[in-house]
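Here's a friendly walk through a protein model. Have the structure open beside you and follow along.

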Amino acid sequence: ISRFASAFVSPSTFVPIKDVGRSVLPTSKQLYATIDVNEEAPRDTDTMEEWSYSYGIGRADGVQLVGDNVDGFLDVHVETAQDLPAGTSVMYIPNEVILSSNRAIAEFGRLEEAESLLQANGVENEMREFYLMVKILVELEKGEESPYYHYLNGLPRFFANGPSMTPFCYRCIPPYAARLCQKERAKMNHVAFGCKSRVQFLSEKTRGDSFLWEWAFQIVHTRSFEAPDGSGDLCLYPIGDMFNHATEANAAYVYDEAGNCYVQTTTDVAAGGALTMTYSDPTNPSYLLARYGFLDESSPASFCKLGVDWHISDELINMGYSTSTLLFYKDTGEVSEQVWDVLLYKYLGEADVGRQQEFYQAHMSGDYETKQSYHECYYEQTREKLLEHIDDILGELDGLSQKSAYGGAVAGDDHPRLPLILRHNDFVRATFMAVRSYYFPDEQYGES
């Protein structure tokens, strides 16, 4: 442990770590996985914390893990009990403890059959996830002999993201979000279930256990991050994976020259505040729901869902079509400039293709004056298109609300993800209503 890390580490009461990252491949004589991955199974977070200290994972004074009940399941996050200035190292994870896709490849060798299958199914970008998932399964087969047993046994069993949802869940969320969720589900089918038989060094029982593969996939898919050293390595940072997401994050991973990982504050954090990171684009809460299974209510803006069923041409992309630029701002009710550009471009395509091309060329050449004259000339038509889009989405949400309310009343216990889905839909609705109120204050929603 480096001299900088030694200040973090608490006295050890466990056996020191041995050969982490260099485990021997399982044999047919080894036990089947001993961790209960049923989503109702409890998380042993107390033992996990003790384990973390014995394995050299340290935390600064006042930095603590805090548990909350979220929809009946335990969620653990990181808080500070004292003021922390920017640049404070709040957590230390030794290099040897980090679970790494590069190390997994070095340990197992290239699994060529599995890689070919991943490529054939169009998920070659998830190769790192696959190897890290296999590493989790190898450790699970070792049971309590694994140095990671107590860490794994403290991780979530319940997930509320796209891969975990049922067909009923998909029918209760708007089409754009449902499409994202189903895409994440398809990814799990290819990365986990599609490759089970290609990992021959796992026991036959493990290879046949879909629940175990799903859990290992979910752990990697929702908790791993790319290493901050530019290596392209995908890593799980034990205990360092307890930082929740926030739009305005205040912490980040950094490495030292020995490959040890530190979590450092990027802003001042007041006592009692949560320590957070940004997982992905905060202006797309539907993606965060689909990938990670939570709603980011701190998001200042949301993708406006415009053009979900369109063919997205190169010209549309050049006009600014992107989920990160076509935004509705929930606090002000305003929309981004790109929303107006895309709406006008689409309107002109229906009304006058020649003028559409003139508008497009003005945009591409940076001719702001000409472009603005088009917006002024067609403002009412574009405004009408905006209202039509808003009311279409609100109508969809009304129908989904009735459907999910019925499902919850009939079989609420069978759909534990429904409360999150309803919060997501309410968030989308509130955002769209804010935009509607801002631009159409005299037009009540639902009036004929």
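## Thr265, tucked away

Let's start with one residue. Thr265 is buried, since its relative accessible area is 4% (buried means under 20%, exposed over 50%, and partly exposed in between, using a 1.4 Å probe and protein chains only). You'll find Thr265 in strand β10, residues 261-265. Helices (H or I, at least four residues) and strands (E, at least two) are DSSP runs, numbered from the N terminus.

What does the side chain of Thr265 reach at 2.8 Å? The backbone oxygen of Pro85. That's a polar contact, meaning a pair of N or O atoms within 3.5 Å; within protein, one must be able to donate a hydrogen and the other to accept it, and residues adjacent in sequence count only if both atoms are side-chain atoms. Setting aside neighbours within four places in sequence, Thr265 is in contact with residues including Leu84, Pro85, Asn250 and Leu275, where contact means heavy atoms within 4.5 Å.

## Where the model comes from

This is a predicted model, in which local features need pLDDT of at least 70 and side-chain atom pairs count only at pLDDT 80 or more, while totals for chains, interfaces and linings use all residues. Residues are numbered from 1 along each chain as its sequence is written, and side-chain values use heavy atoms, with hydrogens and water left out.

## The whole protein

Zoom out and you can pick out 16 helices and 13 strands. The radius of gyration is 25 Å, close to the 22 Å that the globule rule gives for 448 residues, so the protein is as compact as a globular protein of that length. This radius is taken over C-alpha atoms, and the rule is 2.2 Å times the number of residues to the power 0.38. Along its principal axes, the C-alpha trace spans about 75 × 50 × 50 Å.

Buried residues make up 53% of the 448. Of the contacts between residues at least 6 apart in sequence, 72% join residues at least 24 apart.

## The largest pocket

The largest pocket has a volume of about 1,000 Å³. On a 1 Å grid over the protein atoms alone, a pocket is an open set of points where a 1.4 Å probe fits, with protein on both sides within 12 Å along at least five of seven lines; lining residues have an atom within 4 Å of a point. Grid points are joined across faces, edges and corners, and the volume is the space filled by probe spheres set on the points.

Which residues lie nearest the centre of this pocket? They are Val70, Asp75, Asn244, Gly293 and Phe294, out of 41 lining residues. The largest share of the lining, six residues, comes from β3. By class, the lining has 21 nonpolar, seven polar and 13 charged residues.

## Two loop residues with positive phi

Asp71 isn't a glycine, yet its phi is positive, at about 55 degrees. Asp71 sits in the loop between β2 and β3 and is partly exposed, with a relative accessible area of 30%.

Ile239 also isn't a glycine, and its phi is positive, near 70 degrees.

## Asn153 and its neighbours

Asn153 lies in the loop between α5 and α6 and is buried, at 14% relative accessible area. Its side chain makes a polar contact of 2.6 Å with the side chain of Arg157.

Conventions: Nonpolar A, V, L, I, M, F, W, Y, C, P; charged D, E, K, R; others polar.
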